[in-house]
Amino acid sequence: MSALDTRVQGRTGRGTPERVRPSRRSQRLAVGVLLGPFTLLLVAVFLVPVLYAAYLSFFSTTHSGLGFGTAETTFAGVRNYAAVLADPGFVRGVGITLLYIALFVPLVVVGALVLALLLDSGLVLARQLSQTVLFVPHAVPGIIAAVIWLYLYTPGLSPVLGVLQRLDLQVDFLGLQLLVPSLVNIALWSGLGYTTVIFFAALRAVPRELLEAASIDGAGAVRTALRVKVPLVRATVVTVVMFTVIGALQLFTEPMLMGQVTPLIGTRFTPNMYIFDAAFTRNNYGLASAASVLLLLVCCTLSYLVSRGASRGARRGGEEA
Amino acid sequence: MRTPTRRQLLAGAGAAALAGAATSCGRASAGDPEGPLTFWSSLRGTQSVADAWNATRPDAPVVFDAVPSGGSGGSAKLSNAFRAGNAPDVVSMEYAELPGFALDGVAADITDLVSPSFRERLLPQAWDTATFAGRAYAVPLDVEPMVLLHRPDLLAAAGVDVPTTWEEFAAAARDLRGRTGVHLASFHPNGYPYFAGYCQQLDARWFDIDDTAPGGGEWVLDFLDEPTRRVAGYWQGLVDDDLVAVDPQSSQQWLASLAGGRTASFVVGAWGAANLITSVPGGAGQWRAAPLPQWSGEEPSLGVQGGSVHVVTADSPRKERALEFLEWVSTSPEAITARLSSGTSSMFPAAPALLGPAADQFDTSYYGGQDYYGFVAEQSQLLQTGWVWGPRMQATGASIGNGFARLPYGTTIEQALAAAEEETLPDMRSLGLAVRRA
């Protein structure tokens with residue numbers, strides 16, 4: 001970053017910009033070299049699979065009548081989509097994911113923002129250390145995190161539950177009422193520090209003159225945080241919300257592992273698990289593709305809406321500032 | 001011993017990789033009709049069966065691989081192998097999995113390869129469950145009538161007789177629980193085949209095949225037909241009144257309650273007798289087998305729980321040889337002796353002629369010397385016919401299990417079954433199957 005900064009400064013520092021224009025050819029070459037790897041990967045690992053999934057979703061191993069010995073793959077129109085939407089298991093999975101999002105996103109965004117503001121306000125001692133400690137859980141792979149928490153959730157194994165039991169407190173983290181909160185807890189543990197670091201970086205970029213002006217105008221620390229800092233990092237907040245929502249829609253690892261210890265988490269608990277189950281248990285690739293395409297559409301729509309909201313918010317934020 | 005150098009290690013790893021490639025090449029030559037017969041199974045004792053065959057028939061070798069059971073990944077493994085064109089010639093599976101593999105074209109239609117003499121040597125009820133719309137898709141290995149394995153001492157301590165009807169069973173459960181606190185039996189929320197076995201006894205049909213429907217027939221779904229409602233209501237009452245323990249099958253808590261004498265019986269297919277010996281070794285001599293209770297006012301009958309078949313895969317170029325091998329596996333005394341000699345199985349062979357050799361291998365001391373195979377043979381006369389498993393039983397079973405897991409939270413058995421039916425229909429429709437609800 002700093003190297004880049006000095007280079008930019010160095011160039012503008014020379015006063016008149018260089019007149020020597022690179023030839024069109026070398027420009028094209030540069031574009032090709034710089035964008036090539038990205039485009040290649042985009043096509044190979046995103047566009048081709050997406051198009052293939054979309055293609056698969058309109059086909060199905062079609063049987064006639066009872067289906068014994070007459071299987072052939074044919075164009076099925078929207079039959080797979082109709083089947084996915086008619087499946088109460090899928091609809092319930094979507095509902096559970098929405099509940100999860102409703103709990104997780106506000107908690108992680110507000111929590112991380114508060115932590116970042118605290119770090120930024122200088123109230124926190126040993127800032128570097130606290131930042132690192134907050135960030136460490138994010139470095140733990142999701143599957144390991146889930147295993148750690150499963151250990152803490154399982155009655156008879158968990159030292160936490162043991163202590164609670166001695167205090168006559170019976171908590172069933174794997175019971176029906178606490179299933180989603182238990183999942184949210186795992187996600188919070190791994191996601192909070194990461195989000196805090198993003199917010200903190202955005203807060204550091206807030207011009208110090210503005211904060212000085214605020215304090216000269218008599219604004220206290222809380223007022224400065226809420227009325228000056230937060231509006232200025234609104235664009236970052238919106239982006240983080242978008243990424244968090246999209247990440248939450250893909251909920252898979254944690255419930256998949258939790259399903260190993262509680263039968264309450266079925267094989268179709270979230271849309272992603274539904275897709276996995278349709279492909280590998282029910283051997284119905286058409287159905288799995290249709291569900292994948294639906295999930296992709298929801299993700300795309302959400303990101304579009306949020307990014308539109310973000311650019312508008314950023315513009316407004318800029319005007320206010 | 002000298003520590004190997006890095007280069008040696010690398011060379012070793014390379015050689016291993018090459019060897020792996022070589023064997024997979026060997027497997028890939030599935031098209032060679034002269035090659036050895038490949039065979040996958042998750043059933044206990046199958047290695048001994050394959051060894052016994054290879055010892056007597058070195059001219060027609062069988063290459064056996066142990067695979068995980070269907071629900072633990074075996075089914076997915078088979079589907080993927082078939083898709084990739086390297087499925088084995090012969091593979092074992094449970095009855096419940098057969099319709100799915102028959103539908104997907106993995107299981108070959110073997111109707112014309114089964115000789116009439118072979119057909120006659122297996123129980124007709126066994127063939128019935130391996131036959132769809134008049135075509136046979138598998139060779140039955142065993143049939144498993146449900147039996148009541150119980151502890152007479154625990155019943156006697158509460159002054160309770162072994163129940164012979166379900167009414168008596170409920171009364172006995174109430175007395176036992178009231179007098180000594182012991183549960184008479186368990187309801188397994190993770191074991192839909194147990195519940196299905198109770199329903200079969202009353203001739204329920206969750207899935208039925210309507211041959212007469214236009215366009216080659218139709219599946220008829222009814223997870224809540226009259227017999228199932230009756231069975232569901234009955235067990236719901238036992239669960240609600242805490243007269244049976246709601247314990248997952250194979251779970252630690254369930255095994256502990258059997259071992260600790262807090263649950264007095266295990267209702268299971270005939271295979272369960274050996275399973276009990278290995279999982280509750282401390283109960284030796286205390287257990288006995290009794291007939292499953294009957295519904296009063298109904299013809300005596302029995303459902304099955306468990307049981308396996310062998311399938312010949314559709315792409316196999318060695319189908320005749322596979323059938324020859326399977327006839328030996330299902331009907332020869334050497335095969336059943338090899339399978340049961342390890343003492344870990346009490347399966348009830350589909351070939352009545354094998355009862356003698358099977359009984360010879362089973363150590364009855366756990367059951368106080370009771371003639372277990374003689375008893376099951378008698379029970380097998382009552383087997384109900386006509387039950388059909390659905391085309392995606394693993395998924396349907398997962399739905400049922402998910403509903404049963406919510407019993408402590410107020411979901412009822414009927415609600416769980418209704419939800420499972422709702423979740424089974426879309427899948428069948430998306431496969432283009434003709435399906436309707438009764």
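**Ground rules.** This is a predicted model, so I keep in mind that local features need pLDDT of at least 70 and side-chain atom pairs count only at pLDDT 80 or more, while totals for chains, interfaces and linings use all residues. Residues are numbered from 1 along each chain as its sequence is written, chains are lettered from A and ligands numbered from 1 in the order in which they are written, and side-chain values use heavy atoms, with hydrogens and water left out.

**Entry 1: the interface.** I looked up contacts (heavy atoms within 4.5 Å) and found 36 residues from chain A and 37 residues from chain B taking part. The buried area between chain A and chain B is about 2,900 Å², and carbon and sulfur atoms give 54% of that. Buried area here is the accessible area (1.4 Å probe) that two parts lose on being put together, summed over both.

**Entry 2: polar links and who supplies them.** I count 12 residue pairs in polar contact between chain A and chain B, both residues at pLDDT 80 or more. A polar contact is a pair of N or O atoms within 3.5 Å; within protein, one must be able to donate a hydrogen and the other to accept it, and residues adjacent in sequence count only if both atoms are side-chain atoms. On the side of chain A that touches chain B, β1 (59–62), α3 (79–86), α4 (88–121) and α14 (285–320) each supply at least two residues. The largest share is four residues, from α3(A). Helices (H or I, at least four residues) and strands (E, at least two) are DSSP runs, numbered from the N terminus. That side of chain A divides into 13 nonpolar, 17 polar and six charged residues. Ala, Val, Leu, Ile, Met, Phe, Trp, Tyr, Cys and Pro count as nonpolar, Asp, Glu, Lys and Arg as charged, and the others, Gly among them, as polar.

**Entry 3: rings.** I get 54 aromatic pairs over all chains. Rings of Phe, Tyr and Trp (its six-membered ring) pair if their centres lie within 6.5 Å; planes under 30 degrees apart are stacked, over 60 edge-to-face, the rest tilted. A:Phe68 and B:Phe132 are stacked, because their ring centres are 4.9 Å apart and their planes at 10 degrees. This pair joins two chains, since A:Phe68 lies in the loop between β1 and β2 (72–75) of chain A and B:Phe132 in strand β4 (residues 131–132) of chain B. Both A:Phe68 and B:Phe132 are buried (under 20% relative accessible area; exposed is over 50%, partly exposed in between, 1.4 Å probe, protein chains only).

**Entry 4: salt bridges.** How many salt bridges does the structure hold over all chains? I find 29, with three between chain A and chain B. The rule is a side-chain nitrogen of Lys or Arg within 4 Å of a carboxyl oxygen of Asp or Glu. B:Glu423 bridges to A:Arg92 with the closest N and O atoms 2.7 Å apart, and to A:Arg268 at 3.7 Å. Both A:Arg268 and B:Glu423 are buried. Within chain B, B:Asp175 pairs with B:Arg179 at 3.7 Å; being four residues apart in helix α8 (residues 166–180), B:Asp175 and B:Arg179 are separated by about one helical turn. B:Arg179 is exposed, at 52% relative accessible area. Shared partners join A:Asp87, A:Arg92, A:Arg268, A:Asp277, A:Arg282, B:Glu423 and B:Asp427 into one salt-bridge network.
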